[in-house]
Amino acid sequence: MTDVASRLAARRGAIVRNQAFWGVIAIVLLLAVNVVADPGYLSIGYNSGHLSGNLIDILRASAPILMIAVGMCLVVATGGIDLSVGSIMVVAGAVSMELLSGMDGTTGDAALTLAIALGIATVLGAVNGVLVSVVGLQPFISTLVMMLAGRGIAKVITGGQNTTADNDSFAWLANGYVLGVPVVFLLAIVIVVLVALLVRRSALGLMLEAIGMDSRASRLAGVKRRSLQLTVYSVSGLLAGIAGVFATASVMTVDVSRTGYQLELDAILAVVIGGTSLAGGKFSIGGAVIGGLLIATLDKTVVFLGVPAAATPAFKAIVIVVLCLLQSERVRSLFRHRRALRAQSQKEAVAA
Amino acid sequence: MTVTTRPPTGSAPGTAPSLAERLGARLSARLSALPTVAALLIFVGMIIYGEAAYGRIVQFNTLSNLLVNNSHLIILAVGLTFVILTGGIDLSVGAVIAFSSVAGVMLSNAGWHPVAAVLVMVLIGSVLGLISGVLIQYFGVQPFIATLATMFLARGLASMLSTVPERLADDSAIRELATQLKIIDGDKVNDLVITPGVIAAIVIVVLGFLVLHRTRFGRTVYAIGGSEQSATLMGLPVPATKLGIYVISGTLAGIAAVVYTSRLGSAQNITGIGWELDAIAAVVIGGTLLTGGTGFVLGSVVGALVLGLMNVLITRDGGIRPEMTTIITGGILLVFVILQRVLAARRRATQG
């Protein structure tokens, strides 16, 4: 009896210590705030064959964030970072809008455009990957260059214009419904589940974490560091490309200076909310998904309550700082440990 | 022990090791200065090319504009030299400038005394630098993550203040910091002019040089970059120094904000996007190793001027779109970082 109770208590402790749990609590709290402001906030309507309501809007808005958050999660697991996700989004958006604006609007055109846009996004991600894995540059420098150059590339592609295009099939990706649920959210979930199965049902996830913990040791243990890093940055680029397609297809316009702007902030925030340490070596895709949902909920809540949206980035940055501090608690205990060791060695030195 | 790759040139066998060592030392000293020399050669080469291809480069007007328009970048580059010498990074400088200049312009327009407004602008930089420094030094957060967080924070705070261009009142005393002082009166508009901003930049460069090469603080900066552990074991004040360099970098970003705002006469929350890349590129082009330990302030000044001159040449050429600038800057940065890695590898090979 007491055994069961203690095990339950331990389980509860584990859940409470799990950072993603606090993410869920935060989502519930935000929704509760909305319900207080408007009791009908959570109601889900059903009209003309699809669900509608604020919750559905949140799900739809979360799709691009989920994509970049999962990509970032994998990169962070290897001890790296990808600052270029927002810029790769705008490049993918620019490529698709520029291509579609010169086409007829058939489904085939949409498919071709999608393939080219995602291909270019993957190539940009692979460039990051080569710079990090083969050339051996620090990840933040390589991806910082890509972050700033990427927006330049997008501007070159569209000639500095905000290109608009028309293609019903392409727009369906972001605005359509299947079984009443937004396509964009279903696609995002399918992709997340695929990635999660791939890394957690195979040894891939462990290998990524091994690189993040100690790149040298992982190499000695036979992990192919270079090809894995190359893959991870390419996948991050691909997912950012998908996010860019989602973000531009909903309005069928690419805004070269605003699409994906500062979304690396959202991706990093989603990852740290999910309990993934930015120091690398461990990751949680489920946590990143909760983080992404929380950010989408936060964005929608801010708009819904009429709080000036300009304050959101500063608030998000403060949350990142606080979560970084919480994560560094471990580092501090390490310091305490080392200090104790040093004191001990000093004592021994005095004794000798 | 002996250098196998470069046999000593025909000296007596008895003296060979010491000679070889001296040769190796001389060679490595040359190698560390090589990128700076390269930057200087590139600068001279660009001037010659510009003069030959477009004309009107080697004249007072163009050269003083080069200094006036890039004084803020020079100031930023000096700050980042300190940070990069320790092996750290400061990604927040561009965003600090945005927040500081928007706040300064608004305060000044609200009737604050210009001296007080300028002081607040500089202090904003110091405080944000202090936040980064505390996160890095006392909470063990990686420099790029801590300064990324301050970057998002400063950008967010700037957006909170205003999202539209804030114009500095025409009669504001801050504008006088950009008064053009004629040094040499050439024919027509071909004058050698400097502004108080340029004087500030020159003073900061000289101070930076003196601090790095003539003070205990400066030597500690180099020692941390060489090996933080060794510096700690030598009993150098590592924590205070590391905190200090981020405060210096932030403060200089604040000063750069004053210089830039006084010249432009307005400020916006999107001011300074990508300037961290420019400043890092200036430092790296100037021959400072991104991994720390080796580098010169004067090299960073040359690096900043190379970037400034590049902008002038791009404008003169007219065939290259301005959107390409960030792509080119990023490309140059990557080339130099790769060059550094090659040189570092060769130095390891020569030193055995």
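Visitor: Which residues does Ala121(A) touch, leaving out those up to four places away in sequence?
Guide: In this predicted model, Ala121(A) touches Ile88(A), Ala92(A), Gly237(A), Leu238(A) and Gly241(A).

Visitor: And where is Ala121(A) found?
Guide: Ala121(A) belongs to helix H5 of chain A, which covers residues 107-135.

Visitor: Is Ala121(A) buried or exposed?
Guide: Ala121(A) is buried, because its relative accessible area is 1%, and the cut-off for buried is under 20%.

Visitor: How far apart in space are Ala121(A) and Gly45(A)?
Guide: From C-alpha to C-alpha the distance is 37 Å, and the two residues are 76 residues apart in sequence.

Visitor: Turning to chain A and chain B, how many residues does the contact take from each?
Guide: Chain A gives 39 residues and chain B gives 39 residues.

Visitor: What area is buried there, and which residues of chain A lose the most?
Guide: About 3400 Å² is buried between chain A and chain B, with 82% of it from carbon and sulfur atoms. In chain A, the most area is lost to chain B by Phe140(A), Val145(A) and Leu148(A), which together make up 16% of what that side buries.

Visitor: How many salt bridges and polar contacts are there between the two chains?
Guide: There are zero salt bridges between chain A and chain B. Two residue pairs are in polar contact across the interface, both at pLDDT 80 or more.

Visitor: Which helices of chain A supply that side?
Guide: H5, H6 (139-158), H12 (263-273), H14 (311-327) and H15 (329-351) of chain A each supply at least two residues of the side that touches chain B. The largest share, eleven residues, comes from H6(A). By class, the side of chain A that touches chain B has 30 nonpolar, six polar and three charged residues.

Visitor: Now the domains: how is chain A divided?
Guide: Chain A is divided into domain 1 (16-309) and domain 2 (313-352). Their C-alpha centres lie 33 Å apart. In the contact between them, 15 residues of domain 1 meet nine residues of domain 2, and about 980 Å² is buried, 69% of it on carbon and sulfur atoms.

Visitor: How many salt bridges are there between these domains?
Guide: There are two salt bridges between domain 1 and domain 2 of chain A.

Visitor: What does Asp266(A) form a salt bridge with?
Guide: Asp266(A) pairs with Lys316(A), and their closest N and O atoms are 2.8 Å apart.

Visitor: Which helices supply the domain 1 side?
Guide: H12 and H13 (285-305) of chain A each supply at least two residues of the side of domain 1 that touches domain 2. H12(A) gives the most, with six residues.

Technical notes. Residues are numbered from 1 along each chain as its sequence is written. Chains are lettered from A and ligands numbered from 1 in the order in which they are written. This is a predicted model: local features need pLDDT of at least 70, side-chain atom pairs count only at pLDDT 80 or more; totals for chains, interfaces and linings use all residues. Side-chain values use heavy atoms; hydrogens and water are left out. Helices (H or I, at least four residues) and strands (E, at least two) are DSSP runs, numbered from the N terminus. Buried means under 20% relative accessible area, exposed over 50%, partly exposed in between (1.4 Å probe, protein chains only). Contact means heavy atoms within 4.5 Å. Buried area is the accessible area (1.4 Å probe) that two parts lose on being put together, summed over both. A salt bridge is a side-chain nitrogen of Lys or Arg within 4 Å of a carboxyl oxygen of Asp or Glu. A polar contact is a pair of N or O atoms within 3.5 Å; within protein, one must be able to donate a hydrogen and the other to accept it, and residues adjacent in sequence count only if both atoms are side-chain atoms. Ala, Val, Leu, Ile, Met, Phe, Trp, Tyr, Cys and Pro count as nonpolar, Asp, Glu, Lys and Arg as charged, and the others, Gly among them, as polar. Domain bounds come from an automatic or database domain assignment.
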